[in-house]
Amino acid sequence: MNKFIVSPSPHVHGGDSIERNMYGVLVALLPALLCSILFFGWGALYVTIAAVASTMFFEYIIQKYLLKQPVTIEDGSAIITGVLLAFNLPSTIPLWLVVLGALVAIGIGKMSFGGIGNNIFNPALVGRVFLLISFPVQMTTWPVPNGFETTDAVTAPTPLLLVKQALRTQKPFAEVFSPGEGGHSLLELGTGSGVGGSLGEISAFALLLGFAYLLLKRVITWHVPVSIFLTIALFSGILHWINPAYAGPLFHLLSGGVMLGAIFMATDYVTSPMSRRGMWIYGAGIGTLTIVIRNFGAYPEGVSFAILIMNAFTPLINRYCKPKRFA
Amino acid sequence: MLKTFTLGGIHPPDEKLSSGSAIVPLPLPEQVKIPLSQHIGVPALPLVKKGDRVKVGQLVGEAAGFISANVHSSVSGVVVNVEAVVDTSGYARPAVVIRVEGDEWDKSIGRQETPDRYLSAFSREEILTAVQAAGIVGMGGATFPTRVKLSPPAGSHPELLIINGVECEPFLTADHRLMIEKSRELLIGTRFLMKALGVEQAVIGIENNKPDAIAKTWEAVTKHTLGIKVCPLKVKYPQGGEKQLIQAITGRRVPSGALPISVGVVVHNVGTVYAVYEAITMHKPLIERVVTVTGKSLARPGNYLCRVGTPVACLIDAAGGLPGDTGKVISGGPMMGKALASTDVVVTKGTSGVLVIPENEARRKTARDCIRCAKCVRVCPMGLEPYLLMTLGEYQQVEKLERARVMDCIECGSCNFTCPAHRPLLDMIRLDKSRVGQVIKSRK
């Protein structure tokens with residue numbers, strides 16, 4: 001007599017898994033990683049490796065010895081946190097700071113809430129913002145992106161620093177940011193070639209390639225990134241139209257961490273809303289806060305803060321933005 | 001653009017292994033067990049006792065109320081006992097056990113269509129009486145007594161009859177074969193149902209993974225002016241769900257907690273339509289049905305015309321025998337079917353298929369923590385939040401569950417199918433529904 005397995009329906013599964021999604025994100029991050037190595041040299045790779053090794057190490061230690069629960073570092077989420085943390089750092093940052101940032105990202109950002117699925121804030125951004133506030137000098141010392149050539153040049157201004165400069169002098173932004181004056185063409189902004197900034201954020205095109213891959217593999221939907229892009233374009237467009245000293249929509253979309261943040265960090269499953277309407281609101285919030293901070297805030301860049309603030313609103317958004325019911 | 005429903009849905013591999021196999025009659029088993037409760041509602045009352053001789057089509061259980069259905073003997077022979085028998089649900093419930101002797105049919109049953117009467121000559125009352133007498137229930141799996149569905153409550157106005165030929169469950173092909181082999185009979189059955197409901201229009205919904213069924217039905221429909229249309233549908237699970245099918249075809253949405261009649265629509269499955277055809281033209285009760293026997297490990301997946309009460313084991317034998325590596329036997333399809341503890345369980349009026357799954361595909365993976373990817377929300381055809389219903393269930397938040405519309409869940413399983421963390425969402429939601437259902441009942 002056969003013994004059959006009896007369980008409730010459904011009896012089949014689509015084959016999706018946490019790993020498939022997490023490793024999908026990692027594949028989508030590859031083009032940006034290649035670009036960062038190309039532009040910043042091996043330093044970019046060292047920082048990334050240090051970050052990934054640290055996040056995995058800390059998650060392992062905390063799960064195994066502190067929480068005494070099954071170790072799940074193979075699910076890929078700690079690797080993503082590591083890569084994203086690295087992508088938000090200058091390529092010349094001392095490696096001990098990377099390790100410290102990873103400890104904060106995993107320890108405080110993720111594991112203190114109960115690990116994967118339970119954290120309120122994007123762990124990589126928790127690590128990054130901790131470093132930015134605690135070590136502002138090291139975090140804003142941007143190397144000149146000249147690939148594998150070794151030069152003594154240490155710092156380069158990031159395009160976003162010029163936003164406030166234009167506003168202070170009330171010169172049209174296009175004048176301040178002209179390629180001859182230390183600015184860049186839109187093509188340079190798009191590819192990231194020669195542009196200063198965090199190591200993973202500079203090539204908008206490489207990040208958009210990753211976005212296409214994520215959509216193709218159905219890892220994420222387009223709603224959050226598109227909502228962010230549209231809000232940024234609209235808000236900065238209006239400001240620029242009123243006063244040309246404000247930078248225009250294309251500049252804001254292609255510079256700084258908008259692409260990296262909108263595609264890879266705001267779309268973090270755990271910390272973003274569940275319903276379509278919620279995603280639109282969340283994205284609009286991030287876009288608005290980014291432009292507000294960039295133009296009126298103390299920091300040149302606002303994507304990280306914007307995402308963290310909207311992370312905090314996510315439970316509230318989930319409560320009030322229900323999906324469209326059948327009837 | 002082909003029509004389909006708008007909210008959610010999934011695309012499981014359709015695995016219709018037996019769509020090319022013609023319906024063949026299954027040899028009579030040695031013994032049948034005919035459950036007295038093969039329908040939603042009150043079990044039928046037994047009319048026979050141990051030792052009685054019965055003929056094919058003889059009434060052995062009488063409907064015990066409005067929401068109930070007659071049960072007939074599917075074989076001729078001797079009643080061995082009336083006893084509790086484990087059925088598809090896993091519970092032991094009363095059934096008439098009959099030892100098969102010969103194949104002697106009740107004289108009142110015609111073995112073919114009545115030739116001496118125009119089919120249009122049947123009156124509404126005659127049709128309703130025949131459906132009631134034949135013990136017909138919804139054969140798509142819900143097994144709701146058909147007579148009840150043909151009696152719309154006072155004040156409602158049926159306008160449209162939808163015939164459900166979607167068969168969106170992977171693997172199953174019983175309805176598909178019926179539409180190919182019995183297209184004329186299905187149209188006659190549809191006309192009877194239209195007359196019973198007093199509607200002028202009917203639409204047969206068929207997914208476009210069954211182009212031969214669409215073509216056959218189309219051909220039959222265009223030969224006559226019957227007020228019947230064929231509506232090909234884009235493949236998407238769970239299109240066979242009543243509310244989804246109505247929305248796909250008419251755009252109308254049945255409100256939460258309401259019946260399809262509230263939007264003027266009544267839906268019947270093609271299997272049911274065929275039973276209605278036989279009941280009226282041949283005076284034949286619902287004693288047999290087409291069952292798909294399938295599975296990737298089976299030697300000969302096929303479609304069998306099978307007497308009610310036949311053990312599932314007989315069907316599996318006909319399909320080449322139970323493979324040694326079998327891990328699960330399912331009554332129905334892989335999405336909504338019920339896993340059986342034994343192949344002694346018998347075919348009932350609602351059994352659309354028997355699916356055999358090998359051991360290595362039969363187990364669920366370990367559930368992990370929810371990563372809040374929102375995929376369950378996106379695939380839910382009712383616009384619910386399965387992840388939330390599961391969490392609220394774990395904390396037994398009955399009121400919040402009710403407000404989150406847990407009772408709207410149609411148990412299609414799309415959330416479980418999709419969940420990357422392999423969470424048993426639907427298991428918990430079923431529990432939620434029974435808890436909330438009790439609270440709602442206690443309020444009355």
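Is B:Val347 buried or exposed? I found B:Val347 to be buried, because 31 other C-beta atoms lie within 10 Å. I note the terms: a residue is buried if 20 or more other C-beta atoms lie within 10 Å of its own, exposed if 12 or fewer, and partly exposed in between, with C-beta atoms placed from the backbone.

**Basis of the entries**

I worked with a predicted model, in which local features need pLDDT of at least 70, side-chain atom pairs count only at pLDDT 80 or more, and totals for chains, interfaces and linings use all residues. Residues are numbered from 1 along each chain as its sequence is written, while chains are lettered from A and ligands numbered from 1 in the order in which they are written.

**Entry 1: B:Val347**

I located B:Val347 in the loop between strand 16 and strand 17 (353-358) of chain B. Helices (H or I, at least four residues) and strands (E, at least two) are DSSP runs, numbered from the N terminus. Leaving aside neighbours within four places in sequence, I listed the contacts of B:Val347 as B:Val291, B:Cys306, B:Val308, B:Gly309, B:Thr310 and B:Val312. Two residues are in contact if their C-beta atoms, placed from the backbone, lie within 7 Å.

**Entry 2: chain B as a whole**

I counted 14 helices and 17 strands in chain B. The radius of gyration of chain B is 21 Å, close to the 22 Å that the globule rule gives for 444 residues, so chain B is as compact as a globular protein of that length. This radius is taken over C-alpha atoms, and the globule rule is 2.2 Å times the number of residues to the power 0.38. Along its principal axes, the C-alpha trace of chain B spans about 65 × 50 × 50 Å. I noted that 55% of the 444 residues in chain B are buried.

**Entry 3: domains of chain B**

I found chain B divided into domain 1 (29-102 + 285-360), domain 2 (119-281) and domain 3 (375-443); such bounds come from an automatic or database domain assignment. The centres of domain 1 and domain 2 of chain B, taken over C-alpha atoms, are separated by 24 Å. In the contact between them, 29 residues of domain 1 of chain B meet 25 residues of domain 2 of chain B. Strand 13 of chain B gives the most to the domain 1 side, with five residues.

**Entry 4: where chain B touches chain A**

I recorded 50 residues from chain B and 29 residues from chain A in this contact. On the chain B side, the largest share, five residues, comes from strand 15 of chain B. The residues of that side divide into 27 nonpolar, nine polar and 14 charged. Here Ala, Val, Leu, Ile, Met, Phe, Trp, Tyr, Cys and Pro count as nonpolar, Asp, Glu, Lys and Arg as charged, and the others, Gly among them, as polar.

**Entry 5: helix 15 of chain A**

Which residue marks the bend in helix 15 of chain A? I found a bend of about 40 degrees at A:Phe313, with a proline, A:Pro315, following within four residues. The bend at a residue is the angle between axes fitted to the seven residues ending there and the seven starting there. The buried residues of helix 15 of chain A, among them A:Val303, A:Ile307 and A:Ile317, pack against helix 5 (123-134), helix 13 (258-265) and helix 14 (276-296) of chain A.
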